[in-house]
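Below is a colleague's note for someone who is opening this structure without having seen it before. Please read the points in order, with the model open alongside.

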Amino acid sequence: MDAAWNKQRVFTRIGRQFWLRSRFFDQFFLALTAVFWGDLFLTTWGTGALSGIAAGLGIAGGLLISRRPVTTPRWLAPAILAGLTLSSPVWWPAWCGLISVAGSGSSFLGMLGPVALQSGLITVLFWLARSSSSLSGRKSAEAWTGLSLGVICSGLILGPFVPLYWLACAGVVLRTVFAVLNSWRTPLPGWVLSPSGTSASKFIQNTELRHLLLPLLAGILAPALWLHLMSLQAPTTLFWYGCMASALLGLAAGARGSNWFGMCSGLIWFAVAVAAFPLWIRYYLFVSSYVSSVSLSTFLRVLALTCFWFPWGVMLGRTFQSRVTRTVRSGQVLAFLLATQCSWWLIPNVSTAGILSVGILCWLGLAYRFDSPRSNSTASTSIQRFLPYALPCAVLLAAVATPFTFDSILATRALYSTYAFQSWSNGTPLDQLNGLDDGRLIQEITSTDGRISFWKHQGTHLQIRKNGIPAGRISLNDGLAPQPTGSLLSAVLPLSIHESPRNVLLVGMEAGLGLQTTLEFPVMQVVCTDKNPVMWQQMQNGQCGPSVQQSTTDDRVQFIACASSLLLPTENHSFDVILESPGHSASYANSASYHLPHYRAMANRLSEHGLYCQRFVFTDYGPEVILSLALTLEQTFGYVTAFDTAPGELLFVAARTREDVLAAGLIDRISSPQVSRSLAHVGWDWSVAMNLARFETEDLISGTAPALASAFSGTMAFGRCTEMMRWGDKWGEVRNLLAQHPKRLLDHYAEEKKMEDVLRRLSDIAARERVLNENPDEFWVYRTSVKKRLQDNPRSVIKPVKGEGIKHVRHPDDERRLEYFEALGLAKQTHPVSLEQLLNVEQFESPYDPLISHFLHAELAKMYEQCEPAEPERELGHWLYAVYYGGRQERSVRGIHRAVELLTSEVNLPAEERYDHLNALLEILQARWHMRRGKADISQPVLMIDLQDSLQASQSALECMHQIAMENHFDLNQTQSREDHLERSLVRMIRSYRTELLAAASRTAPPTPPAEAKNEN
């Protein structure tokens, strides 16, 4: 009897403890569901869904604050929410279709309709989620803690391995069960926000006014802090849900009470964390360079986010937990939401560091004005009298220091480059990481998507970075430096594959190269869309303008500033080709572009034989991520193939049937003048496109096929985030998989009559590469190759001749080569050579000839040295082309020497342009001397001469760069760091190599033993 009674007491105590913690478990399971629904909205409509989510939360919050107590059973709302969640795979596609119909009107209604429907659904979901629990009152700290741990569990721990839908199903079922069990006991406290006896007249008191001003400040600080942290950590799922969990944990701590000392302590923590920006850069460098464990790396990164968001949540939680009237509570929520929205509008015009600094100072002033302890002469110790003055001083110093310590440029250069990680771990100081490459910052813009920075590379290359992540690149003068291969091929390939592209949709503008290339083709309409209108403005009259401005004014072009998910289909808009460059897939904001609903929406916008193409950078991923996307595309469209367009990048091409991709007549289309002209901008012949490796889905499958990229079956962005942080030879894993079953377009068209021409041009390309690799600085060897081909393997075509019938005549390509050599020989025989003769040779640059067009520039550059009158600018242009368009294995350095000589003395170019070319040429010179070391095919005397010339060129270039930087007020820290790096890595390397050669030459060879001695041995 006693044993039974004791057992009953034990179960009673357990039940009582569970009842006391029911609020924690209720919110924990609710967080599992909330993360799923939030992810479902974001991965279906992208960041465009955030406006609908915010509106829905605002409406639901207002309704819940003012609602009357309900008499319905407490388990009813959780049961309805469970039903909606469990059945979401069934009704969600229909809901997406309804939103598509609502957004098919004008541009304004196309935005208003989806936002209204999204906010309505969020309102219902939030009402159902909160109708049986409370985040205020005596136990609210446990509720916020449950929410925080639920977000950590679903968004950070289990999300990368278990589909969120499964977690949400478990959460809503358990929450419903607990609600039913709790309904048999005493009801939970209702939604009580304040004691009913509180007088509304207190609203006019100063303390009540503070309760409105502090949420206002918190709302202003939140977006600024968000963008501030984006400079330190990529906005992956780890970033999003780490910030959310940290803020909720701070709200839990802040819900326990409010006092001046606690408020000021949290403010000090917050201010010091923001001000210590350089220390955080070192912290993240350490994590990226030395922590190989994914779990430990995740923990350390979330710990850093907690240091920022936890004190912010503490201060906000203490503000919201004050005993105020229902009217003031409504005002707090409204002030927070409005301030957040206003802050997003303010950020593009004001620096985030400035907003944080002013916001911290204002918060300090309010806290000290309303809650500071009065000076008390009877205080027991001097410390108690000193604290009211010491703590505000510490906050003041940290807030004032914030704008001076913030350095987003250093963060971009240090935290988003593997080379930077390696250099820092090898002992390179932090302030020297700015000079590791030839990049020079020319502008930085703060937008609602974060910081957009523009960098100059390779003389004329403009690279765009969003929050440090590369987001586009273009050559502003492709007559000097080639265009990026991946961006150009993503437009050339599909527009060549499609039989007659007329209507084209470009999703994601990057730097505008896709638009520029598309307009080279005979298209009738090009619709461009990008969620950030800043990029379109930059293409019109900004940094990209010199190259792309003419394309933006074309009558065929239409720009729509919205996310691709909101560019909804209508009856009159179907596209023959859709080209999408969604940005890096690791960014959570871009995850909607790698998702099953997105692919279905794109399939609905295609014409009957249309092509959908999407660029994908796989550098940070293993094979499973690529295969998951390939399977998802294949299930959506019917057929998909992937082209290897650039190192670490694939181009997915999807269509309804295989015949739509491998259509007849491809060789004729891909050898057309517009394709030849476009590919010449990367130094390629049109035949190279026929030789690109491609892969189909069955070629990528190895072992168990991964889940589709769907919120109901796969881990999507959560899994990609974890895979990105995994250490390993991921590039090698992908390469090994792709190398197993490679295909090429020329294999499919092997029986075509024109394949002989393709193979001949590919052999010309191979001959050019042999000249570049085997004969550095002896470019004229190509003449022998061309003449040998003309003599040993001449080509002819059948052509009707007037009055003579049909005759075999020389092939047009061979005829043009002969004419080129005639013009070249005539120019070389003239001393001095005239400009007219050189211009006559220049005309053979186009159309592109794989054996002529590249070497023509070196020929012209050498002859321009003898031109009268002198033309140093034209000579420099040809030398720069020869250098920048050189192959990866090229080792020539004499063209660089002459280009540096012209840039430092004779040419009349803008100072910034001269600096950029000198900077890029020294970078290339360093790479080519690394290629030369260890090679035995160059004689030692020639090497010594080249080393001496390279040393002189490097020193003169560094002196000129320093002078230009001083005269034009460049950032002295960055330019000095670049000069120091070139001094260490180039000048010292050349001197060291020259010393090695001199030592080897002075070393005497051992005497040869006589023949008799050899015989004796």
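**Notes on helix packing, cores and backbone**

1. Helix H10 (residues 237-254) packs with helix H30 (residues 716-725) at an angle of about 110 degrees, and their axes are 9 Å apart. Axes here are lines fitted to C-alpha atoms, for helices over the stretch in contact, and angles run from 0 to 180 degrees between N-to-C directions. H10 and H30 are therefore roughly perpendicular to each other, a term for angles of 65 to 115 degrees. On the H10 side the contact (heavy atoms within 4.5 Å) is made by Thr 237, Leu 238 and Tyr 241, and on the H30 side by Ala 717, Phe 718, Cys 721 and Met 725. By class these residues divide into 6 nonpolar, 1 polar and no charged, where Ala, Val, Leu, Ile, Met, Phe, Trp, Tyr, Cys and Pro count as nonpolar, Asp, Glu, Lys and Arg as charged, and the others, Gly among them, as polar.

2. The model is a predicted one, in which local features need pLDDT of at least 70 and side-chain atom pairs count only at pLDDT 80 or more, while totals for chains, interfaces and linings use all residues. Residues are numbered from 1 along each chain as its sequence is written, and side-chain values use heavy atoms, with hydrogens and water left out.

3. The chain comes to 43 helices and 15 strands, which are DSSP runs numbered from the N terminus (helices: H or I, at least four residues; strands: E, at least two). Of its 1017 residues, 55% are buried, meaning under 20% relative accessible area with a 1.4 Å probe and protein chains only. Among contacts between residues at least 6 apart in sequence, 76% join residues at least 24 apart.

4. The contact includes, among others, Tyr 915, Leu 918, Leu 922 and Trp 929 in H40, and Leu 947, Ser 950, Leu 958 and Met 961 in H41. Sorted by class, the contact of H40 with H41 has 14 nonpolar, 3 polar and 3 charged residues.

5. Which residues touch the most other members of the largest nonpolar core? They are Trp 92, Ile 281, Trp 309 and Trp 312, in a core of 115 residues; such a core is a set of buried Ala, Val, Leu, Ile, Met, Phe, Trp, Tyr and Cys residues joined through side-chain atoms within 4.5 Å. Leaving aside residues up to four places away in sequence, Trp 92 touches Trp 37, Leu 40, Phe 41, Thr 44, Trp 45, Leu 121 and Phe 712. A second, separate core has 60 residues, including Phe 521, Val 548, Leu 579 and Val 653.

6. Two cis peptide bonds deserve a look. One joins His 831 and Pro 832, with omega about -5 degrees, and Pro 832 lies in the loop between helix H35 (812-828) and helix H36 (835-842). Another runs from Ser 846 to Pro 847, with omega near 0 degrees, and Pro 847 is placed in the loop between H36 and helix H37 (853-864).

7. Positive phi values are the last item. Asn 467, although not a glycine, has a phi of about 55 degrees; Asn 467 sits in the loop between strand S3 (461-466) and strand S4 (469-475), and counts as buried at 9% relative accessibility. Glu 510 has a positive phi near 50 degrees and is found in the loop between strand S5 (503-507) and helix H20 (513-518).

Methods
Buried means under 20% relative accessible area, exposed over 50%, partly exposed in between (1.4 Å probe, protein chains only). Angles under 35 degrees count as roughly parallel, over 145 as roughly antiparallel, 65 to 115 as roughly perpendicular and the rest as oblique.
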